[in-house]
Amino acid sequence: MDLATFRDLLRPRGQEALAEAVALAPTEATALACLTRLRRRYPPALAAAALDQALLRARAAARGKFARAERMYFTREGLEQATGETIARYRARRYAPFGVVADLACGLGGDALALAAEHPVLAVDRDPLRLALARENARAYGVAARLQPVLADLATLPPPRADSLFCDPARRTATGRRVFTTRDYRPPLGLVVGWRERVPALGVKISPGVDYAELPPADEGEVEFIAERGELKEAVLWFGPLRTAARRATLLPGGDTLATDGGPPPTVACAPPGRALYEPDPAVIRAHLVEDLAVRLGAAKLDPEIAYLTADAAVPTPFARAYAIEAALPFSLKRLAARLRDLDAGEVTVKKRGSPLDTDALARRLRGTGTRPWTVVLTQVLGRPYALICRGP
């Protein structure tokens, strides 16, 4: 969809086409038939744009990214990269002490919408279509009066004057290929970080799989890893007055957070499996805070290189899933299968960390005819391969 077609979509005839497309309840499987039907009444480009919006609104709603998805406008790439409402609102709270916020490379406006709930926002992007999308999405959320679109290419122009900055660089090439180094972001991270000389309060969204070697020193910036409902979603760098720690793991929607000032991790002993197994949240693992969590829980590690913890009893925590260990066996497929039969195993779920085995294939092989579900965890215990038969989480 280009800008001219989007403008047509906003006109009465376009809104009529969009309403008809939504009423068809299209899916990817029925898209061609729906498009054929729409093209009987509308120009081809308008029919295609209306159908695409109907599909993308349904996808955004199904993923729970936006509460008002049915009134928003998207592109496929923009929806994939957009920050969801839960994370954007959480992140916007860091900007509470500041006035005007510049959202740089704003895309379709996921972060700008949350920031504009409390702040005047300069929404900057080099793509006129993305700015038009952000403007309409701001209307859907009732914050259009606080959002000012700014057309600018940040690769060649400095950011506008503001009290604080947030930047979400593109992490895909023009052809849609994902990039894996911050040097290939658009704009590149090195350029973005340099903006703090003009505006010290700077936040930058980065890939949660970022190489630690590409991050700034711990005393210069904070890296926060954010998980939502147990899935690692995003990472963000915080600079200047927005920095609160060296590394942080945050779990949403609850907002529980675990942080370190960047000192050496605490020493945690390794021990054989106790009665409880902890599987730390992926945000805790990526923030290198497993040892800090172990101290908090009074737990030991199963192995120096494996992010599983164990204890004699489970302590409730939002930062890890807890399993009750029924049996711990040095790995032997024959012994493992026999023990599961003794335990009246039915459905078996296999998890692993530090094991090369195929979990799906092994789960099918271990599934029994009994009535009790079990979770088998393949891991290392003090350097030896083990299988833990567990209940839970």
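The largest pocket here has a volume of about 810 Å³. Keep in mind as you look around that this is a predicted model.

**The largest pocket**
- Of the 33 residues lining this pocket, Glu80, Lys205, Pro208, Lys233 and Glu234 are the closest to its centre.
- Two or more lining residues come from each of helix 5 (76–81), helix 6 (85–92), strand 5 (202–206) and strand 7 (231–239).
- Strand 7 gives the most to this lining, with four residues.
- By class, the lining of the largest pocket holds 15 charged residues, along with nine nonpolar and nine polar ones.

**The second largest pocket**
- The volume of the second largest pocket is about 620 Å³.
- Its lining is made of 37 residues, and the closest to the centre are Gln81, Gly107, Asp125, Arg130 and Ala170.
- At least two lining residues are supplied by each of helix 4, helix 5, helix 7 (110–115) and helix 8 (128–140).
- Helix 5 gives the most to the lining of the second largest pocket, with four residues, and helix 5 also gives two or more residues to the lining of the largest pocket.
- Sorted by class, the lining of the second largest pocket has 16 nonpolar, 13 charged and eight polar residues.

**Helix 2 against helix 4**
- Helix 2 (residues 12–23) packs on helix 4 (residues 44–62) at an angle of about 50 degrees, and their axes are 8 Å apart.
- That angle makes helix 2 oblique to helix 4.
- Their crossing is right-handed.
- On the helix 2 side, the contact is made by Arg13, Gly14, Ala17, Leu18, Ala21 and Val22; on the helix 4 side, by Leu46, Ala50, Leu51, Gln53, Ala54 and Arg57.
- Eight of these contact residues are nonpolar, two are polar and two are charged.

**Helix 1 against helix 8**
- Helix 1 (residues 3–10) and helix 8 have axes that come within 9 Å and cross at roughly 25 degrees.
- Angles under 35 degrees count as roughly parallel, and helix 1 and helix 8 are therefore roughly parallel to each other.
- The crossing of helix 1 and helix 8 is left-handed.
- Leu3, Phe6 and Leu10 of helix 1 touch Pro128, Leu129, Ala132, Leu133 and Glu136 of helix 8.
- This contact has seven nonpolar residues, one charged residue and no polar ones.
- Helix 8 also supplies at least two residues to the lining of the second largest pocket.

Terms used:
Residues numbered from 1 in each chain as written. Predicted model: local features only at pLDDT ≥ 70, side-chain atom pairs only at ≥ 80, totals over all residues. Heavy atoms only, no water. Axes fitted to C-alpha atoms, helices over the stretch in contact; angles between N-to-C directions. Parallel < 35°, antiparallel > 145°, perpendicular 65-115°, else oblique. Left-handed = near helix turned anticlockwise from the far one by under 90°. Contact = heavy atoms within 4.5 Å. Nonpolar A, V, L, I, M, F, W, Y, C, P; charged D, E, K, R; others polar. 1 Å grid on protein atoms, 1.4 Å probe; cavity = no way out; pocket = protein on both sides within 12 Å on 5 of 7 lines; lining within 4 Å. Points joined across faces, edges and corners; volume = space filled by probe spheres on them.
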